[in-house]
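Please open the model in a viewer and keep the selection tool at hand. Each stop below names what to select and then describes what is found there.

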Amino acid sequence: MTMLERGVTFVLGGARSGKSSFAEGLVEASGREAIYLATGRGWDAEMSDRIDQHRARRGSLWTTVEEPLDLVPALEVHAAEGTAILVDCLTLWVTNLMMAERNVGAETAKLAAALRHLEGAVICVSNEVGLGIVPENRMARDFRDHAGCLHQAVAAAAATVYFVAAGLPLKMKG
């Protein structure tokens with residue numbers, strides 16, 4: 001397992017690529033206090049089941065903080081020397097912001113700025129959605145565009161970036 005350094009690590013991948021498990025492994029191997037900052041909401045039975053699966057996989061080692069919208073204040077409260085915060089996931093956060101009719105660009109800028117000064121280690125996990133076809137409807141295209149801009153901003157702020165496919169991490173930066 002790769003060593004987790006202080007600062008920001010960004011883990012991207014497709015759905016069911018193994019990105020969350022990889023990121024969890026980085027935190028667990030670090031020996032730092034493990035904090036899971038969850039952005040997901042149980043909108044329906046399938047999503048509630050996914051959340052339950054993630055919780056069961058993590059076990060009691062983790063402190064879970066649920067924050068679907070106000071990510072930066074939650075990071076600022078919990079980031080400290082000796083901690084490792086896993087934010088899972090940024091694309092769900094974008095969805096929540098869009099549904100709440102928040103300014104995604106402004107929230108992205110706030111997050112990118114905050115990531116540059118947080119204490120401890122922060123791992124951000126996100127779904128790469130820009131590798132497929134162009135969506136047919138405006139909201140889906142806006143989502144894809146917001147996610148792409150967010151990914152660029154987080155990758156610029158991160159010391160280390162991984163892309164995970166088929167459970168295999170590819171180090172892209174750092």
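Begin by selecting helix α3, residues 71-78, in which L71, V72, A74 and L75 are buried (buried means under 20% relative accessible area, exposed over 50%, and partly exposed in between, with a 1.4 Å probe and protein chains only). Helices (H or I, at least four residues) and strands (E, at least two) are DSSP runs, numbered from the N terminus. Look down the axis of α3: its buried residues fall within an arc of 165°, so they line one face of the helix. The arc is taken over the directions from the helix axis to the C-beta atoms. Now display β2 (33-38), β4 (83-88), α4 (90-99), α5 and β5 (121-127), against which the buried residues of α3 pack.

This is a predicted model, in which local features need pLDDT of at least 70 and side-chain atom pairs count only at pLDDT 80 or more, while totals for chains, interfaces and linings use all residues. Residues are numbered from 1 along each chain as its sequence is written, and side-chain values use heavy atoms, with hydrogens and water left out.

Next, select W93, which is placed in helix α4. Is W93 buried or exposed? W93 is buried, with a relative accessible area of 0%. Not counting residues up to four places away in sequence, W93 touches T39, P68, L69, L71, E107, T108, L111 and L150, where contact means heavy atoms within 4.5 Å.

From V104, turn to a pair of helices. Two packed helices are described by the angle between their axes and the distance between the axes. Select helix α5 (residues 104-115) and helix α6 (residues 138-157), whose axes come within 9 Å and cross at roughly 15°. That makes α5 roughly parallel to α6; angles under 35 degrees count as roughly parallel, over 145 as roughly antiparallel, 65 to 115 as roughly perpendicular and the rest as oblique. Axes are lines fitted to C-alpha atoms, for helices over the stretch in contact, and angles run from 0 to 180 degrees between N-to-C directions. The contact is made by V104, T108, L111, A112 and L115 of α5 and by H146, C149, L150, A153, V154 and A157 of α6. By class, this contact of α5 with α6 has nine nonpolar, two polar and no charged residues (Ala, Val, Leu, Ile, Met, Phe, Trp, Tyr, Cys and Pro count as nonpolar, Asp, Glu, Lys and Arg as charged, and the others, Gly among them, as polar).

Select a second pair, helix α1 (residues 19-30) and helix α2 (residues 45-58), which pack at an angle of about 30° with their axes 12 Å apart. That makes α1 roughly parallel to α2. Which residues make the contact? They are S20, S21, E24 and E28 of α1 and H54, R57 and R58 of α2. The residues of this contact of α1 with α2 divide into no nonpolar, three polar and four charged.

Finish in the loops. Select C89, in the loop between β4 and α4; the peptide bond from D88 to C89 is cis, with omega near 0°. Proceed to E101, in the loop between α4 and α5, where phi is near 55°, a positive value in a residue other than glycine. At 74% relative accessibility, E101 counts as exposed. Lastly, select A166, in the loop between β6 (160-165) and β7 (168-173). Phi of A166 is near 55°, a positive value in a residue other than glycine, and A166 is exposed, with a relative accessible area of 76%.
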